[in-house]
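Subject: A structure for you to look at

Hi,

Here is the structure I promised to pass on to you. Please open it alongside this email, and then read on for what turned up in it.

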Amino acid sequence: MFDPLILAPVPAPLWHAFQGDRMGDAHAVPARHQAVVSRWRRVRALGAPVEGPRPDDAVGRGAALRERTQRLEPLLAAGQRVLEGAAATAATHDYLLTVADADGVIVSAWGGGAFAEVAERARLIPGADLSEVRRGTNAIGTAVTEKRAVFVQGNAHFARPYHGLVCYAAPVHAPDGEVVAIVDATSVQELADPAMGFRMVAAAQALEEVLRLRAWSGAGADVLRTLVRSVERMGCPALLIEAPGRTIHTNSAARALLGAHSAPREVLRSLGLPFRELATLAQTERAAEADLTVMRGGRRYRLRLEPIESGGHLLAVLALLEPALRVRAHVARSDEMCTDETTVEVGNVETTPAFGNVLAEDPNLRAALATAARLAPSLLPVLLVAESGSERERIARGLHAASRRSHGPFVAVDCRALDARQAAAALFGHDTTTPTALGHLGRDGHLDAAAGGTIFLDEVTALPLPVQAALLLFLERGVYRRVGEAVERAVDARVVCGTCSDPATMVAGDRLQPTLFFRLRSAMVRIPSLRERSDLLALVRRLLAECAADIGQATPDLTRGAEAALAAYDWPGNVRELRATLQAALVEAQGATPLRRRHLPGRITEARKPPLPPTATRVGAEAAALMRALSEANGNLSDAARRLDVARSTLYRLMRKHHLRP
C-alpha cells in the first residue's frame with residue numbers, strides 16, 4: 001500500500017499489437033511497459049472483455065447491493081468525516097470518489113464535479129463491478145487482486161472504453177490485515193495528477209486508523225497501555241505489530257537488537273514474514289510446530305508469535321525473539337515472558353524447537369531425539385543409525401539447527417550417489433590440473449562448502465575405504481588434502497554421518513573403517529524404525545494433513561478399518577513409504593471422506609504385521625497387540641475387546657493411550 005503500482009500509458013501501437021496477438025513473447029516487451037503488459041496477460045486469461053461489459057451487465061442492484069452496503073456500513077459510518085473530506089477535495093478537482101468492497105463492487109460514490117456526467121455514462125455508480133474479470137486492468141480491480149495501491153492512466157487500462165480515464169485506488173485494511181474496502185478517485189485522463197493518488201492512500205490510511213481505534217476501544221480503554229507496559233518489561237526482544245505491518249511498539253531489547261531508528265517496514269522485513277502470514281501463524285497451532293528463526297547481530301533467535309484478540313478479531317501480533325539456545329518455559333503472566341529466570345537449557349527434546357518438526361510421541365524416538373539434543377551444542381561428530389526412510393536427514397538438520405553453527409550452511413551429501421572413483425574429489429576438492437569428471441565443482445569440494453556449518457554424509461559406508469580414512473584424518477586433526485595436492489588444508493565444519501545398516505556388521509564386512517567407527521560410536525544415535533514405534537497413527541494423521549494440504553484438499557477422516565490396515569502393515573520403507581502411501585490413497589479417494597480401507601494400496605490391506613521381537617518395549621508390545629486385534633476385528637471394537645479379553649471401557653482407555661481414534 002505504501003509503494004503504489006503505477007501503470008502509465010503505453011504507445012497506442014503496443015495496445016493494438018497486444019489485442020491483435022502480435023506481441024510475441026514477453027521478452028519483446030520494452031522493460032518500461034512490462035508491468036502493464038503482464039497485467040493485461042492476467043486479465044485476458046480471466047476472460048475480461050476488451051470492449052468492456054455492456055453498461056448494465058456489470059451493475060448489481062436490489063438486495064445484493066443492499067447486502068454489500070450493509071457489510072461496509074460500519075466503515076462508512078465511522079469514517080464519514082474522512083470520506084466527506086476526501087470527496088470534497090476530489091470534487092474540487094473534478095474527480096469522482098468511490099468506495100468499493102473487497103470484491104471490487106462500488107457501494108458508495110461522492111462528488112465528481114464536471115466528471116460526474118461522464119462517470120454516470122461509464123456506470124461508475126453503486127453496484128458497479130470493477131473486478132478484473134469484469135473490466136480488465138483498472139485501479140479498483142487490480143488493487144483488489146494485488147492488495148496494494150494502484151494508479152492506472154489512459155490506455156494502461158485493458159478495456160478500450162476506459163482509455164480516456166485515470167484512476168487512483170488504495171486498499172483499506174482491517175486490524176487483522178484483511179482488505180475490507182477500496183477507496184478510489186477517477187477522472188478524465190487530461191486531469192491526471194499523481195498527488196490525487198497519494199490523497200487516496202492517505203484517505204485509506206485514515207480509514208484504517210478509524211478501524212484500529214474502534215477495535216482497540218472495543219477491547220477496553222486501558223488494554224493497549226497495559227499491553228505496552230507488559231511488552232516493555234519483557235526480558236527478550238519483543239515487538240507489537242498491527243496490520244498491514246506497522247510496528248506500534250518495541251521494547252528496549254528489541255530496539256537495541258533491531259536498531260532504535262529502524263522504519264516499521266524494515267523491522268517487519270527483519271522477521272522474514274509478511275504480516276498476513278505472521279497473523280495466520282499466531283492464530284493457529286502451526287506457529288508452535290514451525291521452526292521460525294531470525295538471524296540478527298550474528299545470533300540466532302526463535303520467533304514466537306502471540307495473537308492479541310478481542311471479540312474474535314485480531315488486533316495485533318506480539319512477536320518475541322527468544323535466543324535459540326534457550327527456550328522459554330511455560331509461565332502464566334505476560335510480564336514474566338522471556339526473562340532469564342524462565343529459560344531452560346537445550347537438551348530436552350520437548351524444549352528444543354530444532355526437532356519440533358519431527359513427531360515424536362513414541363518413547364524410544366523421544367529418547368533418541370533427547371540424545372541428539374544433548375549432542376547438538378557439542379563439537380562431536382555424530383552417527384545417526386536408522387533404516388532407510390526414517391528421516392535421517394531431517395534429524396541431521398535438527399542437530400545443525402540446535403548447534404552453535406546454525407547460522408552456517410547445512411550441506412547434505414548422499415554418499416551412494418558419488419562415483420567411487422571421484423568420491424575423494426567430490427568430498428575434499430581437487431587441484432585444477434588433476435583430470436576429473438567433477439571439474440564442474442571447481443577446486444572446492446562438499447567439505448569446503450560446509451565451512452562454518454554442518455556436513456551430513458548420509459550412507460557414509462558407501463564411501464570407499466581410503467576416503468573413509470581421509471575423513472577420519474579430518475575428524476582427528478581438522479585437516480584434509482585436495483586430490484592432487486600435498487598441502488594440508490583446514491576447514492571449520494561439523495560432521496554428521498548416517499547409515500541404515502548396523503555399523504558393527506559393516507565393520508565386519510569391510511565396508512566401514514574400524515577406526516572411523518570407533519571415532520563415531522561415542523556419539524551414536526539410533527532412530528527406531530516405524531514398525532517399532534507406538535505412535536504410528538498419530539504420525540499417520542499428521543502426514544495425512546500435510547499430504548492433503550500439498551494438493552489443496554481438506555484433511556479427510558480415517559475409518560477404523562483404514563487405521564487398522566495401516567497399523568497392521570510392517571512399513572519396511574518407514575516414514576518415506578508411509579507418506580507415499582497416503583499420497584496415493586488421497587489420489588485414489590478423489591476427495592472422498594472419510595478415507596477408507598479400499599482406498600489404500602493392496603499391499604497394505606493384504607498384509608499382516610509380524611510379531612515384534614522379544615527386545616521390543618512393553619509399551620510397543622502393548623500397542624502392537626492392540627493394533628493387531630483391531631486389524632483382525634476389521635475395526636469392530638466389540639470384537640477387538642473380545643480378542644484382547646478386556647472390557648470395552650479398557651479398550652477405549654488403551655486406544656486413547658496409544659492415540660487411536662475411537
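Let's start with Trp 571, which is buried, with a relative accessible area of 0%. Please keep in mind that this is a predicted model. You will find Trp 571 in the loop between helix H22 (560-568) and H23. Its backbone is worth a look too: phi of Trp 571 is near 55°, which is a positive value in a residue other than glycine.

Which residue does the ring of Trp 571 pair with? The partner is Tyr 569, and the two form an edge-to-face aromatic pair, 4.6 Å from centre to centre with 85° between the planes. Tyr 569 has a relative accessibility of 10%, so this residue counts as buried, the cut-off being under 20%.

Is Asn 574 buried or exposed? It is buried, with a relative accessible area of 0%.

Further along, have a look at Pro 594, in the loop between helix H23 (574-589) and helix H24 (602-605). The peptide bond that leads from Thr 593 to Pro 594 is cis, and its omega is near 5°.

**Aromatic rings**

How many aromatic pairs does a search of the whole structure find? The search finds 9. One of the pairs is made by Phe 18 and Trp 40, with ring centres 5.3 Å apart.

Phe 18 has another contact for you to find. The charged end of Arg 44 sits over the ring of Phe 18, at 4.1 Å from the ring centre.

Finally, look for a cluster of rings: Tyr 95, Phe 151, Tyr 168 and Phe 198 are linked into one by ring pairs.

Enjoy exploring, and do write back with any questions.

Best wishes

How values were computed. Residues numbered from 1 in each chain as written. Predicted model: local features only at pLDDT ≥ 70, side-chain atom pairs only at ≥ 80, totals over all residues. Heavy atoms only, no water. Helix = DSSP H or I, 4+ residues; strand = E, 2+ residues; numbered from the N terminus. Buried < 20%, exposed > 50% of the residue type's maximum accessible area, 1.4 Å probe, protein only. Phe/Tyr/Trp six-rings, centres within 6.5 Å; stacked < 30°, edge-to-face > 60°. Lys NZ or Arg CZ within 6 Å of the ring centre and 35° of its normal.
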